[in-house]
Amino acid sequence: MPTPHTTLAWMAEGNALCLRALDGLDETSYGAPSLLPGWTRKHVVAHLAGNAEALGNLVQWARTGEPTPMYSSPEQRTATIESGATLPGAQLTTWFTDSARALTDAMATLTEDQWSALVVTVQGRTVPASETPWMRSREVMVHAVDLGTGVRFTDLPTAFLTELRADIRTKRGPDTLPITQGHPAEVTAYLAGRPYSGVTTTNGTPAEPLPPWL
Ligand code: ZN
């Protein structure tokens with residue numbers, strides 16, 4: 001796992017990519033489908049804003065020692081996305097910007113001991129708080145692509161993509177995945193369950209799509 005120094009920089013880069021993806025969208029385009037099945041761009045942005053607040057709870061947990069879960073329940077997580085997706089686009093962009101800034105500011109106050117404090121993610125994994133900037137950078141980088149306004153996996157930093165492939169292989173279970181070849185960015189898109197091209201298995205046949213991850 002790269003240090004927070006690296007992952008905080010990826011987080012900032014992912015935030016900027018999302019903002020660039022949203023820049024200039026009119027209300028119709030904002031409400032149009034994203035690349036994620038069943039989600040408009042508004043759903044994606046509401047999810048990202050809710051995710052920043054949820055990770056803020058983990059940062060607070062690390063700072064105070066008081067357990068504060070990411071979400072109070074799976075229903076709350078879904079309700080935040082569904083109600084957020086009905087907001088005007090300009091309001092969603094403001095929510096995204098403000099929540100991302102609040103998370104960055106909160107992380108900037110953590111001491112070395114607090115970065116090592118253990119917190120529990122929504123998947124029930126116990127991790128040091130130092131993993132939270134990585135969790136956030138995954139969200140902003142991959143969903144910047146999902147917004148479907150032109151950001152592609154090939155636009156993401158090479159070192160980030162390398163880390164993401166390793167992370168997804170571990171989470172999906174390395175033994176369940178075929179050995180594939182192709183452009184590293186396309187292989188990452190394939191592993192993430194996103195649209196990809198030119199990824200083949202060792203005998204040269206096109207790799208079968210995986211279900212979306214994240
Ligand atoms: Zn997500």
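Modeller: Start with a term. A residue counts as buried when its relative accessible area is under 20%. Keep in mind that this is a predicted model.

Now the layout. The protein is split into domain 1, residues 4-151, and domain 2, residues 155-214. Their centres, taken over C-alpha atoms, lie 23 Å apart.

Next, the interface. Domain 1 brings 16 residues into contact with twelve residues of domain 2. About 1400 Å² is buried between domain 1 and domain 2. Carbon and sulfur atoms give 75% of that area.

Charges also meet here. Two salt bridges are counted between domain 1 and domain 2. Look also at R194 and D146. Their side chains form a salt bridge, with N to O at 2.7 Å. Polar contacts can be counted too. Three residue pairs are in polar contact across the interface of domain 1 and domain 2.

Which elements supply the side of domain 1 that touches domain 2? Helix 1 (4-22) and helix 7 (132-146) each give two or more residues to that side. Helix 7 provides the largest share, nine residues. Sorted by class, the side of domain 1 that touches domain 2 holds eight nonpolar, three polar and five charged residues.

Now move to F153. This residue sits in the loop between helix 7 and helix 8 (158-172). Is F153 buried or exposed? Its relative accessibility is 6%, so F153 counts as buried. The cut-off for that word is under 20%.

What does F153 touch, leaving aside its neighbours within four places in sequence? Its contacts include V142 and V145. L161 and L164 are also among them. For a sense of distance, take E13. E13 and F153 are 140 residues apart along the chain, and their C-alpha atoms are separated by 13 Å.

K42 lies in helix 3, residues 41-64. With a relative accessible area of 8%, K42 is buried. Again leaving aside neighbours within four places in sequence, K42 is in contact with E27, Y30 and G31, among others. A85, L87, P88, G89 and L92 are also in contact with K42.

Methods:
Residues numbered from 1 in each chain as written. Predicted model: local features only at pLDDT ≥ 70, side-chain atom pairs only at ≥ 80, totals over all residues. Heavy atoms only, no water. Domains from an automatic or database assignment. Contact = heavy atoms within 4.5 Å. Buried area = accessible area lost by both parts, 1.4 Å probe. Salt bridge = Lys/Arg side-chain N within 4 Å of Asp/Glu carboxyl O. Polar contact = N/O pair within 3.5 Å; in protein donor to acceptor, adjacent residues only side chain to side chain. Helix = DSSP H or I, 4+ residues; strand = E, 2+ residues; numbered from the N terminus. Nonpolar A, V, L, I, M, F, W, Y, C, P; charged D, E, K, R; others polar. Buried < 20%, exposed > 50% of the residue type's maximum accessible area, 1.4 Å probe, protein only.
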